[in-house]
Amino acid sequence: MHPERTVGILIVNFSFLAAASACTGEPKNGAPSDPVPTVPIERVTASRQARVKYKSGARYANDLAGALDLPRDAVCRELGRYDCVDEVHRIVLGGVEPYTLGVREPLPSIAVTAPIAQDRVALAACTERIERDLGASAPVFLTTVDVDAPTPGELAATARRFYDRILGREATPDEVSALAQFHSTVTDEPGESGAIATRDWAILSCFMVATTLESIFY
Amino acid sequence: MKNKTKRLESPGRRSFLARVAQLAAAGTSLGVGGLGVLGLGRHARAEDAEQEALARSSDPRFLIVLSTTGGASILDAMLAIRESESASAATLNCFPDSAVRTVGPFRAVDIDLPTLGAIPMPVKGRQSALVEAHQADMMVATWQRTSVNHLVGQRRAVTGNSAWYGRTLQEAVALTYGAGFALPNVHLSAGTGYNDRGSDAALPAYCYGETVADPRLWPLSLHGSQGILGAPSHGLINQARTLRNSRLDPQSRFGRVFAGSSRLETWEHLRGSPQQALEAQDLITKLMISPESADFPLAAHGLGSSPDGALVRAAFPEFARDPLEAQAALAFLLLKYRLSVTVTLGPSSSAVVNAEGAADETGGVYDTGKDGDAGEDDDDPTEGGAFPEGSIPNPPLSFDFSHSEHRSVQALMWSRVLGVADRLIGLLKSEEWGNGQSLWDRTMLYVANDFGRSKQRPMGAQQFGTGHDLNDGALIISPLANGGRLLGGIDPDTGITYGFDPLTGAPDRGRQMTEPEIYAGMAQTLGVSLDGVTLPDMRAMRRNA
């Protein structure tokens, strides 16, 4: 059975269990509650044996290429020359290279630099996608948005597209709200307005979704 | 090069403490895994252990593990035997008298050989200058190993065959001194037993090795956005990260269902303060050993070479072609910038072919055909030509190519490893630690070996293959070690080493040193407290015992 499909089935089961459970899914570790969600958080039951697997760099890049409709070799190239996943960050992102390096198994634990490498892959891919969207007649994400002056509704619709394409599910109202509101965070920065702000917002929204735990683990 | 070497007196403690405090405030490495208390004494409060660990970070010792991957023969280096000294010279791996020099208690082999086994490349083994330069800090301690399997032998070379809960020597040093360092234990080589994680899973996460697959490209994994053309500002990226970390993930169904996953917790932790601390130090620049070039268009991507790039490239000019030189260059920078307390490097089992160097020396590409045709020298190896010396700096299988031809491979590889050690030591001596001390004054370079090699050769053979052997000797170079000493000895008739008294160092022909003993000796020399395990006092291995 495909691992991601397994997770999907588990989530359905947990949703079913949630109906009969009083457990709530509170944000852990005292995460900041601001900004306040606009709708109540759906109740879920936490897994008692929370086993997740790290999506190796190769799988992650393939998934990202599909989600962003990019050729695989356009996802991320360090210095414009070296493939991020196949070459530069291969071992750090859970890959192996038995022939030259003698690394026959993935690293036994997550490398300290892995989240940084993961950010680079996602950020490069999202930047490439949004740049292409801005110049394309048939964009993938910026389909209906007025890039010079996006409305809240347009931002929300775009946010839904990120979740739909990258995570393969509908965004929750809170997720849509969080991303849409982030546009004003961007425009608060000096030099960020109009099309520039929309571009950067779109890149960062894509980046946020593409680097969620849900996107990196299964 | 200015030599700032001075014996240990007092470190630049105040400035370093301030830096450690700064690092701790930034959560640099304390945040990586948190500090466990195992091996740090039995503290009632974890904070006590944290304070102790940070205090030790202010007065660290450094460990460089330089491996002789494949299996080096100490009989081809510091314990070489002259033919005139052995009653079984014809069948023992010993050398013509003229090839062996005596340097203090050590031997050094300088020898010219016509080929590298079946590879038509002349080899010049040159050890004497290197041994002379470092003999005061060199110590050879004989030992008897416990495995002739490469991966097992490599692992036991750094764990002392599980001498201390299975902790590797690198992990032990990181545990002792690494709390205030961003990346305490870095492995610049990969895929060998020297790079294995030890079997003690209870250590703080920062003690375990961080793998660097390619030292030239690895700095790019030390900043999340720098060098990515068109990316939004780093400030905005950090705000996006905060939103993701504090709202999107914690409130997602996935994040809540799997909230108990230790793997997710580790990831969430690493992308917090440790990530920020690494990015804040601009390591993507400081550790970039490559200069601006067509292969590394740094400026076009808003990046630059390390301020110390020219220094390390001068010491290791083959860094772009030879992975070992690139490893050594980055090893120095990791120590210089106080990012690591231990680094592991070594030649890999893959051949390194310096085709460009060979082409330069022959005046271009290889010419096919016989000598004299077209008026040019024939250098096609398939037609009896030869590769220029140095065109294969690392044979396939590294030291283990000795199965095919022992003497020339050992000569080539010993010169290679000692040469890298010499240049690395030179850089460390030139780097001031504080109060007139150099970084080298606080460093141990351990030449870690898989195992020894068989001692015999066919009657009178100058070219012969060898197998693996348990009998071995460990080379340690350090101002902290009992330098200028051969601990133990070697029987010139059998080539078998014998041990020594752990306290006095007196040779003992009736004894062979064990892996736990040598592990203990190195750990004690580095000031590692071997809590919770009974190991002998190896006073003979320490300079200031």
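This is a predicted model: local features need pLDDT of at least 70, side-chain atom pairs count only at pLDDT 80 or more; totals for chains, interfaces and linings use all residues.

Student: Starting with chain A, how many helices and strands does it have?

Tutor: Chain A comes to eight helices and two strands, and read along the sequence these follow the pattern α-α-β-β-α-α-α-α-α-α.

Student: And what share of chain A counts as buried?

Tutor: Of its 218 residues, 43% count as buried. Among the contacts in chain A with a separation of 6 or more, 58% are accounted for by residues 24 or more positions apart.

Student: What sits between the two strands, β1 and β2?

Tutor: The loop between β1 (77-78) and β2 (82-83) of chain A holds A:L79, whose phi is near 55°, a positive value in a residue other than glycine.

Student: Changing topic, how many residues does each chain bring to the contact?

Tutor: Chain A contributes 66 residues and chain B contributes 60 residues. On the side of chain A that touches chain B, α1 (3-19), α4 (114-135), α6 (173-187), α7 (194-210) and α8 (213-216) each supply at least two residues, and the largest share, 10 residues, comes from α4(A).

Student: What about the classes of residue on that side of chain A?

Tutor: The side of chain A that touches chain B has 39 nonpolar, 12 polar and 15 charged residues.

Student: I was also looking at A:R90; where does A:R90 lie?

Tutor: A:R90 lies in the loop between α3 (84-88) and α4 of chain A, and with 23 other C-beta atoms within 10 Å it is buried. The C-alpha atoms of A:R90 and A:A114 are separated by 10.0 Å, and the two residues are 24 residues apart along the chain.

Student: Which residues is A:R90 in contact with?

Tutor: Leaving aside its neighbours within four places in sequence, A:R90 is in contact with A:G57, A:V85, A:G95 and A:E97, and with B:A213 from chain B.

Student: On to chain B, then: what is the order of the open sheet of eight strands?

Tutor: The order is β7-β6-β8-β1-β11-β14-β5-β15 (chain B), with mixed pairing, and the edge strands, each pairing on one side only, are β7 (210-211) and β15 (485-487) of chain B.

Student: Which helix lies across β1, β11 and β14?

Tutor: Helix α15 (residues 406-430) of chain B lies across β1 (62-68), β11 (443-449) and β14 (471-477) of chain B, and runs at about 165° to β1(B).

Student: And the open sheet of three strands, how does its pairing run?

Tutor: Its order is β16-β17-β18 (chain B) and the pairing is antiparallel, with β16 (489-490) and β18 (507-508) of chain B as the edge strands. Two bridges join β16(B) to strand β17 (residues 497-500) of chain B, where B:I490 stands opposite B:T497.

Student: Which residues have the most contacts inside the largest nonpolar core?

Tutor: That core has 209 residues, and those with the most contacts inside it are A:V121, B:V140 and B:A331. The helix that gives the most to this core is α15(B), with 13 residues.

Student: What does B:A331 touch?

Tutor: Not counting residues up to four places away in sequence, B:A331 touches B:I64, B:L188, B:V343, B:L345 and B:L424.

Student: Let me finish with α13(B): why is it described as largely enclosed?

Tutor: The reason is that 14 of the 14 residues of α13(B) are buried, so the helix is largely enclosed by the rest of the structure. From its first C-alpha to its last, α13(B) reaches 20 Å, close to the 20 Å expected at 1.5 Å a residue.

Student: And what follows α13(B)?

Tutor: The helix is followed by B:R338, whose phi is positive, near 60°. B:R338 lies in the loop between α13 (323-336) and β8 (342-345) of chain B, and with 20 C-beta neighbours inside 10 Å it counts as buried.

How values were computed
Residues are numbered from 1 along each chain as its sequence is written. Chains are lettered from A and ligands numbered from 1 in the order in which they are written. Helices (H or I, at least four residues) and strands (E, at least two) are DSSP runs, numbered from the N terminus. A residue is buried if 20 or more other C-beta atoms lie within 10 Å of its own, exposed if 12 or fewer, and partly exposed in between; C-beta atoms are placed from the backbone. Two residues are in contact if their C-beta atoms, placed from the backbone, lie within 7 Å. Ala, Val, Leu, Ile, Met, Phe, Trp, Tyr, Cys and Pro count as nonpolar, Asp, Glu, Lys and Arg as charged, and the others, Gly among them, as polar. Two strands pair if DSSP finds at least two bridges between them. Axes are lines fitted to C-alpha atoms, for helices over the stretch in contact, and angles run from 0 to 180 degrees between N-to-C directions. A nonpolar core is a set of buried Ala, Val, Leu, Ile, Met, Phe, Trp, Tyr and Cys residues joined through C-beta atoms within 7 Å. The expected span of a helix is 1.5 Å times one less than its number of residues.
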